[in-house]
Amino acid sequence: MEERRQTIEYKFLRQNTHHPVPKKRFTFAIYLGLFHLAFMVLMGFFTKYNLGDGVSAGKNGSNLYAMFMDVHSMMFIGFGFLMTFLKRYGYGAVGLNFIIAAYVLEWSILIRGWLEAGIHGESDFTLDVKSLLVADFCAAAVLISFGAVIGKASLSQLIIMATFEVVIQGVNELIGLHYLKAYDVGESIYVHIFGAYFGLAVSKVLQGTKEIESTKESSHYHSDLFAMIGTIFLFLYWPSFNSAVAVDEGQTRAIVNTFLAITASCISTFIISLLVGKGRLNMVHIQNATLAGGVAVGAVADMQIEPFGAMIIGTVAGILSTLGFQFLTPRLNESFVHDTCGVNNLHGMPGLLSGIASAIVAATATRDKYNGNRLYTFYPSRVPSLNSTEFANLSLDATDFANGGLGRTAVMQGGYQLAAIGVTLAMAIIGGIITGYIMKLPIIEQIEDIEEMFDDEPNWLTPEDYSLKLTE
Amino acid sequence: MEERRQTIEYKFLRQNTHHPVPKKRFTFAIYLGLFHLAFMVLMGFFTKYNLGDGVSAGKNGSNLYAMFMDVHSMMFIGFGFLMTFLKRYGYGAVGLNFIIAAYVLEWSILIRGWLEAGIHGESDFTLDVKSLLVADFCAAAVLISFGAVIGKASLSQLIIMATFEVVIQGVNELIGLHYLKAYDVGESIYVHIFGAYFGLAVSKVLQGTKEIESTKESSHYHSDLFAMIGTIFLFLYWPSFNSAVAVDEGQTRAIVNTFLAITASCISTFIISLLVGKGRLNMVHIQNATLAGGVAVGAVADMQIEPFGAMIIGTVAGILSTLGFQFLTPRLNESFVHDTCGVNNLHGMPGLLSGIASAIVAATATRDKYNGNRLYTFYPSRVPSLNSTEFANLSLDATDFANGGLGRTAVMQGGYQLAAIGVTLAMAIIGGIITGYIMKLPIIEQIEDIEEMFDDEPNWLTPEDYSLKLTE
Amino acid sequence: MEERRQTIEYKFLRQNTHHPVPKKRFTFAIYLGLFHLAFMVLMGFFTKYNLGDGVSAGKNGSNLYAMFMDVHSMMFIGFGFLMTFLKRYGYGAVGLNFIIAAYVLEWSILIRGWLEAGIHGESDFTLDVKSLLVADFCAAAVLISFGAVIGKASLSQLIIMATFEVVIQGVNELIGLHYLKAYDVGESIYVHIFGAYFGLAVSKVLQGTKEIESTKESSHYHSDLFAMIGTIFLFLYWPSFNSAVAVDEGQTRAIVNTFLAITASCISTFIISLLVGKGRLNMVHIQNATLAGGVAVGAVADMQIEPFGAMIIGTVAGILSTLGFQFLTPRLNESFVHDTCGVNNLHGMPGLLSGIASAIVAATATRDKYNGNRLYTFYPSRVPSLNSTEFANLSLDATDFANGGLGRTAVMQGGYQLAAIGVTLAMAIIGGIITGYIMKLPIIEQIEDIEEMFDDEPNWLTPEDYSLKLTE
């Protein structure tokens with residue numbers, strides 16, 4: 001009978017003596033539980049349902065819930081599987097992505113709710129489909145940062161990172177949207193730039209470049225196919241990501257532009273990958289750089305950039321991203337900061353490209369291009385101030401523009417877009433460095449042994465075939 | 001030429017002499033064909049299109065079709081891939097799930113149509129998107145039961161099980177909803193409790209516990225990753241499952257509550273898995289218990305339980321489910337009833353938790369909590385009877401409440417929720433035992449050899465690398 | 001330091017001396033870049049946004065965007081993963097599918113835009129969600145053709161094929177819909193028949209049957225599971241494919257009919273697979289023939305065929321397709337034309353079945369069946385001519401039928417449906433043969449060595465475990 005039980009347990013548990021479990025991991029589980037408990041209590045004090053909004057069909061007949069579901073899929077299937085390319089970190093990719101995203105969803109609902117309530121001078125806030133969507137956007141930033149440090153940070157460290165990043169990202173986006181009034185419908189500045197450079201700053205502080213010695217940071221044939229599940233879902237649903245919060249005709253533009261830009265980056269990636277790969281395609285490029293157009297068009301997706309404009313942005317992004325993966329990352333990994341998934345290439349540089357594009361587009365936006373007063377739907381800060389003669393002459397809709405605007409010129413708006421990039425970079429890098437040092441506090445589990453990097457064995461019970469996979 | 005053909009056939013067929021095919025399997029194929037033929041004839045006699053309903057935008061602008069598609073994905077991708085964790089039963093998981101679900105969709109459209117028509121004293125019924133959605137809910141019950149017996153029942157037995165379960169499940173849900181008027185928007189009682197205990201009853205009758213000796217009931221590294229595809233899709237679309245048939249503000253509540261509950265169960269599962277796994281995460285928990293919050297919030301998802309209430313339910317469900325997988329299932333498997341996927345932990349116990357929650361919530365529902373008369377939208381049986389003075393005093397909407405109600409008190413409604421659980425448990429267990437004995441009739445193919453369990457080879461033509469996988 | 005860099009590069013690159021890269025492949029990359037550049041320029045000259053249409057909620061409350069997303073998923077996840085069944089061509093399946101689909105989306109937006117504009121005597125055209133959906137339909141045709149030649153054509157050849165096929169397919173569909181007025185809501189004639197026979201014609205010209213000697217054209221256990229991801233997504237979203245452009249009550253019918261037909265083909269496939277497999281199921285059948293019902297109901301999906309009619313069509317399609325995979329394809333592969341994915345069985349024959357069904361349904365369509373004047377919504381060419389007495393007697397809606405119709409009888413309409421099949425077959429086969437010969441031009445990279453067929457190594461940088469997979 002005793003022997004029989006052993007057989008049964010053997011099915012699920014493998015003895016794993018190589019990697020002893022540090023005590024700190026248990027302490028961490030307790031902390032995570034306390035955080036979660038605190039979230040529940042806070043949710044009890046501060047939130048109610050928003051019952052008036054329903055499932056929020058937009059004004060133009062779109063379905064917010066369906067778009068939210070697409071974005072939700074990108075977080076869990078898209079990011080989760082994209083990172084399974086690592087041959088021995090598949091559980092970690094999809095599993096740790098799962099817990100980090102779930103944790104961030106809870107925490108960011110609170111943070112975003114408080115920030116929003118704070119602006120309006122209220123003390124509590126309501127939840128509806130849009131709250132959940134915003135939480136998913138916030139999760140995107142953290143999961144991008146996760147991409148920079150995957151395989152090199154302990155679960156405890158990742159949760160610490162998420163805890164701080166949610167707050168800093170939320171504050172940064174508030175500054176950008178509310179104070180600078182820099183628009184970014186697809187979150188290229190506030191999520192992609194922020195997430196990438198926050199993650200890289202953390203990575204720099206955590207390990208620097210020693211992980212370069214690991215032999216486990218590579219893929220297997222089937223792990224690359226799992227990763228393609230992530231790639232394809234990100235590719236498919238990116239138009240929803242960039243258009244979910246767009247309004248009116250901006251939503252159609254955001255869908256069409258994102259579709260064209262990401263398709264263009266797919267094509268330019270294949271071309272460049274073939275050229276730099278000496279005639280052979282490289283899965284790392286196909287899994288990642290193909291998506292750069294979605295990032296790069298983000299900050300201008302709902303603007304009047306014209307279909308060919310979207311294609312140009314996507315094409316440039318695909319080229320830039322592929323070249324980054326091929327030439328930049330190997331060198332940076334070795335000499336300055338290790339970037340496991342190459343988030344600088346997929347999110348960082350294309351995000352910067354998008355931000356710069358948004359400044360140019362804003363600086364050249366005219367009433368002509370936007371069919372007259374529709375300009376102000378997309379650039380409300382360009383509405384003249386209430387008592388100006390310009391305001392009176394425009395005969396604007398009394399309901400929407402009752403309080404007038406800031407009277408910014410096109411060039412001023414372009415400048416504010418650039419300012420938002422600057423602030424975001426500063427917040428991300430400084431925030432990431434501080435967070436990184438907190439993650440290195442000795443009370444938190446560290447991964448210092450190279451053998452423990454990019455390996456599921458230290459964190460997971462593994463099946464019988466796992467040790468064989470390594471020697472394959 | 002003859003040799004060449006052999007080469008060609010070799011590509012598709014492997015000689016497989018270990019597992020001879022029993023004659024009964026052919027007989028079964030004929031039966032399945034006859035069933036299907038009968039379904040077509042019956043469909044011809046009894047059904048028409050419901051052309052008035054269109055693609056059914058709900059009153060609050062939601063899109064029934066999109067939510068139906070989410071639920072549909074849960075059945076085929078979610079359940080199908082969730083069960084691929086078995087290292088040698090991947091074809092069976094996704095393939096048998098496919099045929100069982102398809103068979104159930106056809107059969108349940110008829111059964112549900114007849115039951116519905118019967119209530120209204122009609123002889124035929126119409127089909128629209130909602131009919132297909134209801135068929136998917138019914139499929140969920142059968143696929144849950146499949147999870148209890150996967151790897152241990154022949155395809156013939158599974159079809160027999162599906163045939164009976166659809167009828168019994170349909171009758172049970174009719175009793176619960178129509179006669180007891182016990183509400184369950186997310187089908188936690190009528191689908192999850194029912195499916196789990198029906199399946200366990202069948203499993204008990206079929207084999208008892210001898211399958212415990214099999215060495216094949218475990219996972220490989222990549223089979224666990226395939227299973228995570230199922231997990232993530234179930235996680236993503238659960239809000240659609242619980243809210244698809246909810247109405248008005250109840251739909252927003254159902255979305256928000258399910259999102260919060262399932263996220264909470266994800267977090268609590270990771271914590272408990274780490275603790276009970278001596279510091280290591282267990283894929284069995286992550287694949288399953290993370291979803292328990294979706295089940296546990298089901299029966300109260302559209303109710304005024306408040307966001308923190310949803311989180312508490314989800315947290316408790318995740319803990320309960322993980323502990324079940326860790327401590328209860330290994331013991332039950334050995335001593336009482338074998339439960340391949342642990343459906344007791346993911347569907348049974350969280351379903352019971354949900355049912356009990358629904359009784360408590362019903363027993364404490366007040367007009368205050370539901371903004372006055374809106375209470376009766378969610379608890380119509382609490383509408384006072386037509387000629388009572390209470391009814392007159394409430395000045396209810398004449399169209400919706402023209403016939404008055406049953407005049408139940410809150411506590412009475414809570415009691416009826418408990419009654420529905422009791423009836424469901426009885427119907428599931430007795431129905432499952434009877435169905436199990438029918439499945440054991442000697443005219444039906446049985447799986448008696450332990451070597452044939454949890455193995456695709458007896459049922460499928462397998463590729464050349466299949467035999468190697470075992471020894472890996 | 002130099003040694004360290006070698007280690008790093010080793011992670012991504014494997015020396016691969018077996019398959020030298022031909023120079024033509026680089027030339028091709030340049031060409032592809034030029035094509036893409038040309039598309040951008042042309043897009044700049046000819047397209048604007050359609051800003052009036054929004055995200056296009058249909059009249060009956062459906063959501064075009066959500067359905068478009070479903071169809072979009074079918075192209076990239078569905079087709080991409082369906083073809084990963086090949087044990088050594090997984091990168092090629094999902095990767096080349098990715099670039100071909102992306103390329104076709106760009107090119108077909110232009111071609112379809114020009115054709116549409118040409119009909120209306122306009123010089124430019126607008127883009128909205130429907131344009132993207134139509135581009136996806138066009139991609140389906142090319143991806144079906146890809147299925148016939150996968151593993152045997154170089155990437156250059158595939159792009160050449162796509163370039164010509166998009167034009168010929170577009171012209172053929174224009175002839176069919178605009179001049180012959182033969183209706184085909186689910187694109188069974190214009191996409192499935194066309195794509196299958198175009199691809200087979202190309203395959204015939206390219207290699208004939210010599211690839212039959214390859215030992216690599218078979219599956220592994222896990223590659224079959226990857227393929228099931230494709231199968232299931234195609235199965236799930238087929239109702240969206242067939243109903244996305246349907247109108248009014250036709251959309252409900254298209255959803256219900258496709259759901260029933262594809263479910264029926266799933267069931268009949270399992271039965272026949274079991275019988276012809278001597279009691280064992282064959283993954284090739286399950287991955288493919290299960291979907292034949294979706295194709296076969298396509299051309300009549302929105303018509304009044306009744307639920308049982310849809311089931312009959314699906315059942316027959318499943319049987320036909322399974323028998324084709326079992327008996328026809330092995331013989332054709334050997335003696336006439338090699339069809340890697342068996343597109344004749346999944347798209348060709350079921351497409352023909354659908355076309356014939358559409359002729360019969362059209363020839364028997366009466367005003368009675370369609371509730372009087374609603375007939376003309378689905379068969380507008382049957383509207384009597386403007387000055388006829390029949391036209392006056394019908395008292396048709398002045399807005400929709402202001403110009404009268406062609407006054408076709410039911411039988412005439414049936415004849416035109418058959419004519420469309422004939423024209424499509426002719427265009428596909430002749431177009432495919434010509435395209436095939438163009439693909440064989442010596443300036444384009446050819447795959448002539450059998451060792452290079454069905455193998456990712458010639459086209460991709462492969463990971464360390466790749467060579468081991470072969471010998472497994």
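Predicted model: local features only at pLDDT ≥ 70, side-chain atom pairs only at ≥ 80, totals over all residues.
A polar atom of the A:Ser145 side chain lies 2.7 Å from the backbone oxygen of A:Gly195. Beyond neighbours within four places in sequence, the contacts of A:Ser145 (heavy atoms within 4.5 Å) are A:Met161, A:Glu165, A:Gly195, A:Phe198 and A:Gly199.

Between chain B and chain C, about 6700 Å² is buried, 72% of it on carbon and sulfur atoms; buried area is the accessible area (1.4 Å probe) lost by two parts on being put together, summed over both. Chain B contributes 79 residues to the contact and chain C 70 residues. One salt bridge (a side-chain nitrogen of Lys or Arg within 4 Å of a carboxyl oxygen of Asp or Glu) is found across this interface. C:Lys87 and B:Glu464 form a salt bridge with their closest N and O atoms 2.2 Å apart. Elements giving two or more residues to the side of chain B that touches chain C include helix H1 (2-12), helix H2 (24-46) and strand S1 (47-49) of chain B. H4(B) supplies the largest share of that side, 12 residues.

Local features require pLDDT of at least 70 and side-chain atom pairs pLDDT 80 or more, whereas totals for chains, interfaces and linings use all residues. Residues are numbered from 1 along each chain as its sequence is written, chains are lettered from A and ligands numbered from 1 in the order in which they are written, and side-chain values use heavy atoms, without hydrogens and water.

Note on methods: Polar contact = N/O pair within 3.5 Å; in protein donor to acceptor, adjacent residues only side chain to side chain. Helix = DSSP H or I, 4+ residues; strand = E, 2+ residues; numbered from the N terminus.
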